[in-house]
Structures are given as C-alpha cells and as structure tokens.
Amino acid sequence: FFPKSGVMDKARWDGWRLEKTDVAERRDAAEALAQSPQGLKEAVAHLRSLDPYVRQAALHAIEQAGERAARYAPDVVGLLRDDTQYVRMAALQALAAMNVPDSDATFSAVGDTLERLGDENESVRRGALEVLRGPLFRRAIVRTDVIVKLLDSRNPGIRRTALKALAILKLDALEAARLLIDQVGYVRVEAIKTVGTIIGSGEHGLEPEDIETVSRLV
C-alpha cells in the first residue's frame, strides 16, 4: 500500500482497515479517512459494501469530516433506506454533521428524512429530528403532510416524534391539538408542549379564533 508513501496509498490502507472485524480498528480507520479528500473518496466507495458494519464505519468517516464531505450528500441519502437500522442512524448523523446546503440538489433528502420520522427504531427517529433542525429545515416546511400522517400511527413513539417535528417546524398546531386527548400519557404531554411551542412562536399563521380554540384545549 505504501510504495511511495503517498496520501493516496494511505487512504487505500485505511480503507482496507475499515473492513476489519475489530470495532476499534474500524473506528480508527474511519477517523483517519476523514482527514483527507482521498480518504473521503475511499470512505464513499465503502458505502457500497455488503457488510453493514463497514457501511456504518464509512458513514462515521463522512460524519467526522463534517462540511468537507457535503458534496457526498447524495451518496449518504441513499442509505437512509438501508435495511439495517444502525446504518440508517449513521446516515442521519452524517447528514446532520455535513450541514447539507439547502438546494435543489439535496431536496430529495427531505422526503427520505421525513420518512425516517416514522422509523420503528427510536434512535433513528431522533436522528431524523436532528437533521430537521439543520439547513433542510426550510425544505421540510412544504412537506408537513408526511408528518401529519404520522400523528395517526399506531405506534405512540412515532406519534410523539411527529409532534416533536411539528414543534421544530412550528406548523400545524390544529393537527397537533388532536393528540391532546391521546390515549397514551406521554403523547398527551408532548402534544401540550408542541401546541404551546407553535403558538408561542408567532409564526403559526393561525386565525385568532383557531388560537382561541387550541388554547382552550390545552
């Protein structure tokens, strides 16, 4: 790997280490790959690995690189639908760290991120919420219909996540208010906080009579 001790050769070496079974070595390799453009290219190539642990480690490298890896956002977005939950979580963490620019090129990331709000795994849902707090925020505003549908999920954890998403976007207080009478206590508590956040923001776009109606319910 080091015939000339070049940077490119070191990237290949770290890419090889990324495929090792030892967790500590994979993490060390990922952090090394994050340090150079050649290393990042090697990490991106490993996103196509058949081994989910390797895909996760490659995403960790991209996350460590942060904004320097923003150009690889489309490659990361593709793993938001990965069959393995910890890979989906790693993809969300990488997107959040990359500070993906709000542009037409990254618009597809919004739909996939919103879908992850309905993921059965709570950690993945939390990751999706973190992405919503970033630059993709403005794009997500026009897709609140996806979130509103999750308010009717049979999974109370997903209903609570949907409420948290509406609180971030500060929209649809009337829809959130429907869960003030949810059968699950922690969902009702989240509904109260969400409605309060949306109304208190002053950006809700509600008519005065709607505000009065929601306030009575709270």
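The model is predicted, so a local feature needs a pLDDT of at least 70 and side-chain atom pairs count only at pLDDT 80 or more, while totals for chains, interfaces and linings use all residues. Residues are numbered from 1 along each chain as its sequence is written, and side-chain values use heavy atoms, with hydrogens and water left out.

**The whole chain**
- The protein chain has 14 helices and zero strands; helices (H or I, at least four residues) and strands (E, at least two) are DSSP runs, numbered from the N terminus.
- Of its 218 residues, 47% are buried, where buried means under 20% relative accessible area, exposed means over 50%, and partly exposed is in between (1.4 Å probe, protein chains only).
- Take the contacts with a separation of 6 or more: 62% of them join residues 24 or more positions apart, and a contact means heavy atoms within 4.5 Å.

**Helix 4, tucked inside**
- Helix 4 (residues 52-65) has 14 residues and reaches 20 Å from its first C-alpha to its last, close to the 20 Å expected at 1.5 Å a residue; that expected span is 1.5 Å times one less than the number of residues.
- Ten of those 14 residues are buried, so helix 4 is largely enclosed by the rest of the structure.
- Among the buried ones are P52, V54, R55, L59 and H60.
- The cover over the buried residues of helix 4 includes helix 2 (23-33), helix 3 (37-45), helix 5 (73-77) and helix 6 (85-98).

- Helix 13 has 17 residues and spans 25 Å from first C-alpha to last, close to the expected 24 Å.
- Its buried residues are V187, E190, A191, T194, V195 and I198.
- Looking down the axis of helix 13, you'd find these buried residues within an arc of 135 degrees, so they line one face of the helix; the arc is that of the directions from the helix axis to the C-beta atoms.
- The axes of helix 11 (residues 156-169) and helix 13 (residues 185-201) come within 9 Å and cross at roughly 10 degrees. Axes are lines fitted to C-alpha atoms, for helices over the stretch in contact, and angles run from 0 to 180 degrees between N-to-C directions.
- Helix 11 and helix 13 are therefore roughly parallel (angles under 35 degrees count as roughly parallel, over 145 as roughly antiparallel, 65 to 115 as roughly perpendicular and the rest as oblique).
- Residues making this contact include L163 and L166 of helix 11, and E190 and T194 of helix 13.

**Helix 11's other neighbour, helix 8**
- The axes of helix 8 (residues 122-132) and helix 11 come within 10 Å and cross at roughly 10 degrees.
- That makes helix 8 roughly parallel to helix 11 too.

**Two single residues**
- V184 sits in the loop between helix 12 (173-177) and helix 13, and is partly exposed at 23% relative accessible area.
- Leaving out residues up to four places away in sequence, V184 touches P156 and R159.
- V184 and G157 are 27 residues apart in sequence, yet 9.7 Å apart in space, C-alpha to C-alpha.
- K149, in helix 10 (residues 144-150), counts as exposed at 64% relative accessibility.
- K149 and E175 lie 26 residues apart along the chain, with 9.8 Å between their C-alpha atoms.
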